[in-house]
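Visitor: I am new to this structure and would like to learn how to read it, one feature at a time. Could you guide me through it?

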Amino acid sequence: MAVVFQKTKGLTDKPFSYCPGCTHGIIHRLVAESLEELGLLDEVIGVAPVGCSVFAYEFFNCDMHEAAHGRAPAVATGIKRVHPDHPVFTYQGDGDLASIGTAEIVHVAHRGEKITTIFVNNAIYGMTGGQMAPTTLVGQKATTAPYGRDAALCGNPIRISEMLATIDGAVFVERVAVNTPANIRKAKKAIKRAFEVQLQGLGFGIVEVLSTCPTNWGLTPVESLEWLEKNMIPYYPLGNFKSPKEEK
Amino acid sequence: MGKAKGTVIFDSDACKGCGLCISVCPVNILALDTSSVNNKGYHPATAIEPEKCIGCANCATICPDTVITVYRTMEE
């Protein structure tokens, strides 16, 4: 009997602290599988964010570092400059990367730091209880937007991938989703490619992963995947926005 | 080419009963086991008709808690 699927060595035995149906678990696994397949587990250094995935350092079976809220790209810059031979990645949510950490992510891309960022966008602040994030969709309800986000008052949701793709130092920018097995397989390819781009020393790479938050969206896990497909993908289109020239 | 025969093994105590695996199974053989409760207090997912499994690994691919291990053999 051939093994088709088993738990990757890139994850520790510690059970995830995430809510039932939270897609953080899928994304953790995709990153861990990519690192294992590229043979990087012994040398890679990850930087965990603040947010639901604050305990990511407990779950990834590699060296990890915790950063202050939003500052993971700055911490990763320091690590990469001290250890230029080690692959470095950050794992950040949308409250961390697209709000308090916007300056850090924009400048890390401008400097073309040779790190990889996994950006998990679930359009809400999860850990603190479902407040409106910069990525919350117009009309989407949150605890701080009980009647839905009003574009006249709060502006429109920020599209991080499109913005970073305009920056020269960012060489690999792709948006993926984890709402179906097919999209999960595509997401894995993008994450693996982003690490390969870093290993080739080409510049900054980011993969934005559209994710769900069943608890704070007030939906079941299965309904959340459908909500993501119907509402998030039209506003946050999937696809590769930028990849190194020789690939094209 | 023979028919694919799969086997799915659940680490039931790691399951949070979210049901994502059930929603993506192409042969509809998964369900929450409402007759049991695991260590976390959830009804864990299980295969109710395991002999029909084709070993596609969709369930394991979407499982957020890496509960499922999948094996496959080819029948002649």
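Predicted model: local features only at pLDDT ≥ 70, side-chain atom pairs only at ≥ 80, totals over all residues.

Visitor: Which residue of E4(A) stands opposite A:Gly46, and which residue stands opposite it in E3(A)?

Guide: In E4(A) the residue opposite A:Gly46 is A:Phe89, while in E3(A) it is A:Met64. Strand E3 (residues 63–66) of chain A is joined to E2(A) by four bridges, and these two strands also run parallel.

Visitor: In what order do the strands of the seven-stranded sheet follow each other?

Guide: The order in chain A is E3-E2-E4-E5-E7-E6-E8, and the sheet is open with mixed pairing. E3 and strand E8 (239–242) are its edge strands, each of them pairing on one side only. On average, and ignoring direction, neighbouring strands of this sheet are turned by 20 degrees against each other. Within the sheet, E6(A) and E7(A) pair in the parallel sense over seven bridges, and A:Val176 has A:Val209 in E7(A) as its bridge partner.

Visitor: Which helices lie against these strands, and at what angles do they run?

Guide: H3(A) packs on the sheet and touches E2, E3, E4 and E5 of chain A, its direction making about 175 degrees with that of E4(A). H1(A) lies across E4, E5 and E7 of chain A, and runs at about 165 degrees to E5(A).

Visitor: How do I read the buried side of a helix, for example in H5(A), and which residues are buried there?

Guide: An α-helix has 3.6 residues a turn, so residues three or four places apart point the same way. In helix H5 (residues 102–111) of chain A, the buried residues are A:Glu104, A:Ile105, A:Val108 and A:Ala109. They lie on the same side of H5(A), because the arc they cover around the axis is only 125 degrees.

Visitor: What covers the buried residues of H5(A), and which residue follows this helix?

Guide: The cover includes helix H3 (72–82), helix H4 (94–100) and helix H7 (160–165) of chain A, together with strand E5 (116–121), strand E6 (170–177) and strand E7 (204–210) of that chain. A:Gly112 follows H5(A), and its phi is positive, near 65 degrees.

Visitor: Turning to chain B, what pattern do its helices and strands follow along the sequence?

Guide: Chain B has two helices and four strands, and along the sequence they follow the pattern β-α-β-β-α-β. Buried residues make up 41% of the chain. Of the contacts in chain B between residues at least 6 apart in sequence, 68% join residues at least 24 apart.

Visitor: Where do strands of the two chains come together in one sheet?

Guide: Three strands form an open sheet in the order E1(A)-E4(B)-E1(B), with antiparallel pairing. Strand E1 (2–5) of chain A and strand E1 (3–10) of chain B are the edge strands. E1(B) pairs with strand E4 (residues 68–75) of chain B over eight bridges, and B:Thr7 stands opposite B:Tyr71 in E4(B).

Visitor: How many residues does each chain bring to the contact, and which element gives the largest share on the side of chain A?

Guide: Chain A brings 23 residues and chain B brings 24 residues. On the side of chain A that touches chain B, E1(A) gives the largest share, four residues.

Visitor: Which residues have the most contacts inside the largest nonpolar core?

Guide: They are A:Ile118, A:Val209, B:Cys21, B:Cys59 and B:Ile68, in a core of 96 residues. Helix H8 (residues 181–199) of chain A gives the most to this core, with seven residues. Leaving aside residues up to four places away in sequence, B:Ile68 touches residues including A:Phe5, B:Val8, B:Cys21 and B:Cys59.

Technical notes: Residues numbered from 1 in each chain as written. Chains lettered and ligands numbered in written order. Buried ≥ 20, exposed ≤ 12 C-beta atoms within 10 Å, placed from the backbone. Contact = placed C-beta atoms within 7 Å. Pairing = 2+ DSSP bridges. Core = buried A, V, L, I, M, F, W, Y, C linked by C-beta atoms within 7 Å. Arc of directions from axis to C-beta. Axes fitted to C-alpha atoms, helices over the stretch in contact; angles between N-to-C directions.
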